[in-house]
Every structure is written in C-alpha cells, then in structure tokens.
Amino acid sequence: MLRTSPFHAAILSRLYTITASAHPHDGDLWAYLDDVLRKLAGGQTDLESLLPDAWAKANPQNVRTYRQQESLARASKTKARRARRRKLSRR
C-alpha cells in the first residue's frame, strides 16, 4: 500500500483526474502530459487549449488511430450482437 500525506494525495488525485480525462480522446498520454506540463511551466494561460479534446485536435500526430479503429470495431460487434438478440426475442 502506498503511504502518502494528504498534500501528496491531493496532487496524485489531480494527476489521476488529468490522465482519466485524457483517456477517452485516444491521445498519447505521455506526449499529452509532457506538452501540457511544459506549457504550464512556461506560463501559458490559455487553459482551454490544454484540455484533452482541444489538445488532440491541435496535435493529431499524437492521437492513437489504432485505438479509434479498435473502438469502431468493438461498437460494430456490439451493434451486431444486439441486433441478433432482438431478432431472437421476436420469435
């Protein structure tokens, strides 16, 4: 078990929140964190541009396209399975 002070726990919870919010946008997490932390340390005040969705649009080279393809394939498979279940339930 990780022991930490309340101060460090607050920092870790913020870092977890940042990484969790970046996950759905299929970006390279390390590239995102590196870029955002460097910009914040450099004094950037436009925080809207550092949000995960805006950052992914501004940095398409760091978006993991294979994750998007996996997501589409999974959604297609789920849709087909639901259609089969609906068809069986109508019999």
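In which helix is Leu37 found? Please take me through that helix.

Mentor: Happy to! Leu37 is found in helix H2, where helices are DSSP runs of H or I with at least four residues, numbered from the N terminus. Before we go on, note that this is a predicted model, in which local features need pLDDT of at least 70, side-chain atom pairs count only at pLDDT 80 or more, and totals for chains, interfaces and linings use all residues. Residues are numbered from 1 along each chain as its sequence is written, and side-chain values use heavy atoms, leaving out hydrogens and water.

H2 has 13 residues and reaches 18 Å from its first C-alpha to its last, close to the expected 18 Å (1.5 Å times one less than the number of residues). After H2 comes Gly43, with a positive phi near 100°.

Now look at the inward side. Ala31, Tyr32, Leu33 and Val36 are the buried residues of H2; buried means under 20% relative accessible area, exposed over 50%, and partly exposed in between, with a 1.4 Å probe and protein chains only. These buried residues pack against helix H1 (6–22) and helix H3 (52–58). Leaving aside neighbours within four places in sequence, Leu33 is in contact (heavy atoms within 4.5 Å) with Leu15, Ile18 and Thr19.

The largest nonpolar core has 7 residues: Ala22, Ala31, Tyr32, Leu33, Val36, Leu50 and Trp55. H2 (residues 29–41) gives the most to this core, with 4 residues. Such a core is a set of buried Ala, Val, Leu, Ile, Met, Phe, Trp, Tyr and Cys residues joined through side-chain atoms within 4.5 Å.

Next come the charged side chains. Asp34 forms a salt bridge with Arg38, the closest N and O atoms being 2.7 Å apart; the term means a side-chain nitrogen of Lys or Arg within 4 Å of a carboxyl oxygen of Asp or Glu. Because Asp34 and Arg38 are 4 residues apart in H2, about one helical turn separates them. Asp34 is partly exposed at 39% relative accessible area, while Arg38 is exposed at 60%. Lys39 also forms a salt bridge, with Asp35, at 3.2 Å between the closest N and O atoms.

Finally, back to Leu37: together with Leu40 and Leu47 it forms a nonpolar surface patch with about 280 Å² of accessible area. Patch members have over 30% relative accessible area and no salt bridge, with like charges joined within 9 Å and nonpolar side chains (Val, Leu, Ile, Met, Phe, Trp, Tyr) within 5 Å. Accessible areas come from the Shrake-Rupley method with a 1.4 Å probe, and for residues only the protein chains shown count as cover.

Methods. Helix = DSSP H or I, 4+ residues; strand = E, 2+ residues; numbered from the N terminus.
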